[in-house]
Amino acid sequence: VPLKFLDAIDARLRGPKSVAVASALTIPFVFIGELLAIAALFVMPIDITVPLILVTIAVIEEVAKSIHIYAGIESDRFDRSIRTALVLGGLSGVGFFVGEKFTAIAQVVGLQDLVLGQAALTPSGVTPASTLALLLGPLVLHTVTAGISALGARRNLRWYVVAMLVATVVHAAYNFGVVRVYA
């Protein structure tokens with residue numbers, strides 16, 4: 001089953017640019033996964049829920065940004081060079097960022113009305129400089145972490161998993177930092 005899953009993902013890839021499109025197209029599934037995690041953790045105390053959600057979000061997003069890169073490399077659609085891995089990671093990160101910015105699902109479902117949603121979505125003390133940082137920070141984050149995962153994917157499954165875990169730790173640290181600064 002895992003190989004069929006990778007084949008199905010790889011079948012949608014046509015070249016490096018399709019990696020960006022694939023990342024952008026994962027956004028609805030990412031948001032569903034994140035909303036499901038919030039719903040599952042909603043009953044727990046908020047001081048436990050917020051850290052768990054921040055880590056869960058990092059895991060979900062890192063898998064979404066990198067699984068198609070791994071599938072494309074494993075099927076030999078893309079070569080295993082460092083340059084190719086970094087290009088694919090960068091494209092995946094940019095595609096994910098653009099897809100994320102075009103999606104206003106949190107506003108549609110009223111997530112900002114929940115206490116947990118406020119902690120995650122309603123920063124206080126936002127200035128023009130911090131607005132720019134809030135816009136560019138995720139772009140840098142997504143391209144760097146997707147690049148980390150892609151570097152692991154170019155080697156084999158074990159390296160991909162390790163690299164994705166490193167990317168997840170970087171992403172979670174970023175999430176904690178943003179919440180600490182803007183909470």
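In α3, Ile 27, Val 30 and Phe 31 meet Phe 96, Gly 99 and Glu 100 of α5, where contact means heavy atoms within 4.5 Å and helices are DSSP runs (H or I, at least four residues) numbered from the N terminus. By class, this contact of α3 with α5 holds 4 nonpolar residues, 1 polar and 1 charged; Gly counts as polar, Glu as charged, and Ile, Val and Phe as nonpolar. The model is a predicted one, in which local features need pLDDT of at least 70 and side-chain atom pairs count only at pLDDT 80 or more, while totals for chains, interfaces and linings use all residues. Residues are numbered from 1 along each chain as its sequence is written, and side-chain values use heavy atoms, with hydrogens and water left out.

Helix α3 (residues 27-41) packs against α5 at an angle of about 70 degrees, the axes lying 10 Å apart. The axes are lines fitted to C-alpha atoms over the stretch in contact, with angles from 0 to 180 degrees between N-to-C directions.

Ile 69 touches Val 19, Leu 88, Gly 89, Ser 92, Ala 150 and Ala 153, leaving aside residues up to four places away in sequence.

The loop between α4 and α5 contains Asp 76, which is exposed at 60% relative accessibility. Its phi is near 65 degrees, a positive value in a residue other than glycine.

How values were computed: Helix = DSSP H or I, 4+ residues; strand = E, 2+ residues; numbered from the N terminus. Buried < 20%, exposed > 50% of the residue type's maximum accessible area, 1.4 Å probe, protein only.
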